[in-house]
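Please look over the notes below on the pockets of this predicted model.

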Amino acid sequence: MRRTAWAAVGTLGVLATLLAPNATATAQPASVQGAGEVIWTRSAEPAALVPVGARYADFARRSRESADITGGLTAVPAVPERTTAEKEARSARESGQTYIADGTKPAAATRLVSDDGVINWAKCNADLQGHTLTGHVINHFEFCRWGYNTATKLNGNGQVEGQVRFLETKVGEGSNARRTYGINIKITNVTATGIYSGAGATMTLEPTASNPCTYGLVNPDGPSRTDSVLAWNGAVTRYNVTSTASVGNQTRIDKTAVCQSRTNYKINSPRGTTPWSLGPYTGGRHDSAAYLAQYGTQGAIFDRVVPSFSYSRSDAQVKAVADHVFDALYAPQLTYPQKNDKDIPGNIWNGEDQPIHRNYPGFNAASADIAAKNRSAKDRACAGLSSKPGEQCDEFPFASTKEGAGKGDGNFSVRYVPQPDNSTAGARLSAWYGQDRILDGDAYGIYVN
């Protein structure tokens with residue numbers, strides 16, 4: 001596995017060194033370093049601590065780990081920049097993350113948190129995708145990120161005065177009931193040396209979130225939590241990120257709001273306080289979608305992922321529809337109506353980037369118009385096919401997408417299939433829209449097993 005880390009170096013300012021994989025690591029020369037310099041790093045493995053009094057630059061030359069720079073250190077907890085739905089959609093595509101749902105059970109039937117709230121921390125720590133800057137968006141309602149954080153205090157000669165290292169594990173929970181997502185945090189494997197190992201050394205955790213969201217730790221301390229360094233070993237806490245419909249996008253009937261959040265740490269000792277660390281962002285979307293009433297009129301999801309809905313060709317209940325979708329995606333030249341160079345969207349697998357997007361007719365006049373055009377174009381195309389008793393005309397991309405037959409580019413397929421297959425497949429798709437909070441305009445892919 002490629003080891004990744006991110007680091008920021010500064011004297012209450014910005015001073016950073018990039019440690020490239022398979023290259024000799026370097027550090028700033030002693031002439032640049034000043035008293036009070038602090039180095040924050042994050043890695044997939046617990047890097048060996050540097051002996052107190054040793055020069056950090058010598059240690060860095062011996063280590064061969066990669067580092068991604070997230071920016072300079074700050075004297076106050078850094079608040080993420082305000083994001084937009086367009087930026088979040090771009091982040092989802094660029095992350096390359098997806099998950100497969102089949103509509104037979106809600107994705108909210110979580111794998112990391114049980115129904116009674118028990119968190120499977122070990123499962124997150126075993127997830128190799130969890131140690132990335134983006135973390136692992138397992139589905140709209142589950143998130144995992146973990147890594148070792150190390151704070152190193154140097155004197156004016158580049159010698160180590162003390163270090164604190166700990167494993168931070170985050171398990172996120174979305175919601176189908178309120179406009180709030182939660183980030184559970186567990187701190188383990190805490191080690192402290194030098195000035196941070198004695199009495200009076202403490203660590204503070206404080207989350208932040210971008211507008212228009214509010215945030216706060218779910219504990220008696222309020223916005224932040226401070227404990228002695230070693231008392232953090234085994235500590236569990238949580239912060240929530242919330243928005244209200246009043247601060248959501250008022251041009252949408254579901255009043256969506258998108259936010260970024262992050263976790264910040266600082267170490268305090270009798271010799272002074274470190275700047276705040278700069279951890280990676282988590283992204284989320286909040287909504288008040290009344291048209292998902294059966295599944296919850298409010299919700300919050302982790303949005304930096306392009307989900308995939310799936311059908312199985314070995315599932316007798318939907319086989320005919322699964323075969324149709326498979327042919328549309330992988331053999332469009334064999335589908336009806338015929339068209340030269342037909343290219344039907346929906347495939348985000350194998351390097352493809354052609355998602356389809358949900359269209360809810362009741363969202364606005366434009367969505368209603370798309371639905372009407374899809375229905376009319378599909379009926380005209382189906383009229384050119386023969387059928388057997390008990391069959392219905394199936395279309396792909398689905399009538400509930402913005403890329404349906406009504407788009408007018410000819411990149412669609414129609415086929416008669418048994419009515420039970422068509423009804424079951426349609427019901428599963430509709431249920432998945434609600435269970436995973438797929439809103440009007442949301443992108444998704446299709447996976448045929």
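1. A pocket here is an open set of points on a 1 Å grid over the protein atoms alone, where a 1.4 Å probe fits, with protein on both sides within 12 Å along at least five of seven lines. Grid points are joined across faces, edges and corners, and the volume is the space filled by probe spheres set on the points.

2. Lining residues, those with an atom within 4 Å of a point, number 33 for the largest pocket; nearest its centre are Ala 85, Glu 86, Ala 89, Arg 285 and Asp 442. Two or more lining residues come from each of α2 (85-95) and β13 (257-269), and α2 gives the most, 6 residues. Helices (H or I, at least four residues) and strands (E, at least two) are DSSP runs, numbered from the N terminus.

3. The lining of the largest pocket has 15 nonpolar, 9 polar and 9 charged residues. Ala, Val, Leu, Ile, Met, Phe, Trp, Tyr, Cys and Pro count as nonpolar, Asp, Glu, Lys and Arg as charged, and the others, Gly among them, as polar.

4. The second largest pocket has about 430 Å³ of volume and a lining of 26 residues, with Ser 91, Thr 134, Gln 260, Tyr 281 and Arg 304 nearest its centre.

5. Which element supplies the largest share of the lining of the second largest pocket? That element is α2, with 6 residues; at least two each come from α2, β6 (142-154), β13 and β15 (282-287). By class, this lining divides into 6 nonpolar, 10 polar and 10 charged residues.

6. Residues are numbered from 1 along each chain as its sequence is written, and side-chain values use heavy atoms, with hydrogens and water left out. In this predicted model, local features need pLDDT of at least 70 and side-chain atom pairs count only at pLDDT 80 or more, while totals for chains, interfaces and linings use all residues.
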